[in-house]
Amino acid sequence: MSAAGTAHREQRRKELARLAEVRGVMFDIDGCLVLSDGPSGHGGRALPGAREAIDLVRATGRSMAVFTNGSMQTPARIAETLRSLGLDVRDEEVLTPAVVAAETMRTLYPGRPVLIFGGPGVQEEFLRHGLPLVDLDRALAGEPADAAAVVIGWDTQFGREKLQVAAEAVLAGAPIYCTSDAPSFASERRFNVGVSGFIASGLSHVTGRPYHVLGKPSREALELLTRRLRVRPEQMLIVGDDLDLECAMARTAGALGCLVTTGTSSAADAEAAPADRRPDFVADGLPEVLELLSLASQDAAPPSAQTQ
Ligand SMILES: [Mg+2]
């Protein structure tokens, strides 16, 4: 065998050895598990290998999370959509930045009211966590909002009045948090605009104050993921289609990062990526991830299981 062939085999052996150590797997949704024209799989189709990859993660006893940066829908609703596409995903395995936001607010500002921008995906999550919210009507009537923070998610109903109350709260000292500032997200046929970043950028423009993103690849998102997967960061495999989100998060965590080129970023993008977002693996789709995981799982199986 040529020197190049030997080097390639050695490289593959090392990759499989690292994959065999993986105890928890995170999949991105849009552009990774599904492609659709709406966020979080809505109205879409499962990508090839998605069902089998999830089944393999379960069959090998690893923990799993699916993590979208979309905050339009609740985790339960997203799980329902994914199940309707044939993917075996449980409600509690779905993470959204609204979950990160609710848990972060509860930790940072216990008992303090928060002003939120968002539909059911944000509102229901905050209510589920028992967080007090700023009453917009009373704030508009002149009562002090006393907002501890302003949290911005997927909100298609906001108007000038809400922006006014939010801007006043920010100028009074409330920090701005945003679920995601992605300008757009991977979809089947069209450019899908990101709403949360649009509002956060506007509020930041109006107030001159920065915003902090809580979705992938933030430190807060990573901490939540690690807690949910119940593994050490270096035992995680993070799979997604976006170098700036999933691959950056894997690098920060010291986890294994896998780029699938079925969405936003290409193999050429990965090649040119800076070290802080370079993936450990590039796969042209989940079937290749499935194959690698299968090989690694066989390697990791005890001798008795290998001979059966
Ligand atoms: Mg994606």
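## Model and confidence

The mean pLDDT of the protein chain is 91, with 94% of its residues at 70 or more, where pLDDT is the predictor's confidence in each residue, on a scale from 0 to 100. This is a predicted model, in which local features need pLDDT of at least 70 and side-chain atom pairs count only at pLDDT 80 or more, while totals for chains, interfaces and linings use all residues. Residues are numbered from 1 along each chain as its sequence is written, and side-chain values use heavy atoms, with hydrogens and water left out.

Over residues 302-308 pLDDT stays under 50, and for this stretch the model has three contacts beyond four places in sequence, a contact being heavy atoms within 4.5 Å.

Helices (H or I, at least four residues) and strands (E, at least two) are DSSP runs numbered from the N terminus. Strand S4, residues 63-67, is mostly covered, since five of its five residues are buried; buried means under 20% relative accessible area, exposed means over 50%, and partly exposed lies in between (1.4 Å probe, protein chains only). Ser-63, Ala-65 and Phe-67 point one way from S4, whereas Met-64 and Val-66 point the other way, and all are buried. Strand S1, residues 24-27, is likewise covered on both faces, with Gly-24 and Met-26 buried on one side and Val-25 and Phe-27 buried on the other.

Two strands pair if DSSP finds at least two bridges between them. S1 and S4 pair in the parallel sense over four bridges; Gly-24 has Ser-63 of S4 as its bridge partner, and Phe-27 stands opposite Val-66 in S4. S1 also pairs with S12 in the parallel sense, over four bridges, and here Met-26 stands opposite Ile-238 of S12. S4 in turn is joined by two bridges to strand S5, residues 94-95, and the two run parallel, with Leu-95 of S5 as the bridge partner of Phe-67.

S4, helix H3 (residues 75-84) and S5 make a right-handed β-α-β unit; a crossover is right-handed if, with the strands pointing away from the viewer, the path from the first strand over the helix to the second runs clockwise.

In helix H2, which spans residues 50-59, the buried residues are Ala-50, Ala-53, Ile-54, Leu-56, Val-57 and Arg-58. H2 is followed by Gly-61, which has a positive phi near 75°.

Strand S8, residues 176-178, is joined to S11 by three bridges and the two run parallel, with Ile-176 standing opposite Tyr-211 in S11.

## Packing of H4 against H9

Two packed helices are described by the angle between their axes and the distance between the axes. Helix H4 (residues 97-108) and helix H9 (residues 219-229) pack at an angle of about 95°, their axes being 10 Å apart. H4 is therefore roughly perpendicular to H9, on a scale where angles under 35 degrees count as roughly parallel, over 145 as roughly antiparallel, 65 to 115 as roughly perpendicular and the rest as oblique. H4 contributes Val-99, Val-100, Glu-103 and Thr-104 to the contact, and H9 contributes Glu-220, Ala-221, Leu-224, Arg-227 and Arg-228.

## Backbone details in the loops

Most residues other than glycine have a negative phi, and most peptide bonds are trans. Lys-216 and Pro-217 are joined by a cis peptide bond with omega of about 5°, and Pro-217 is found in the loop between strand S11 (211-213) and H9.

Asp-146, which is not a glycine, has a positive phi of about 50°; it lies in the loop between helix H6 (136-140) and strand S7 (149-152) and counts as exposed at 52% relative accessibility. Arg-230, also a residue other than glycine, has a positive phi near 55°. Arg-230 is found in the loop between H9 and strand S12 (236-240) and is exposed, with a relative accessible area of 64%.

Technical notes
Axes fitted to C-alpha atoms, helices over the stretch in contact; angles between N-to-C directions.
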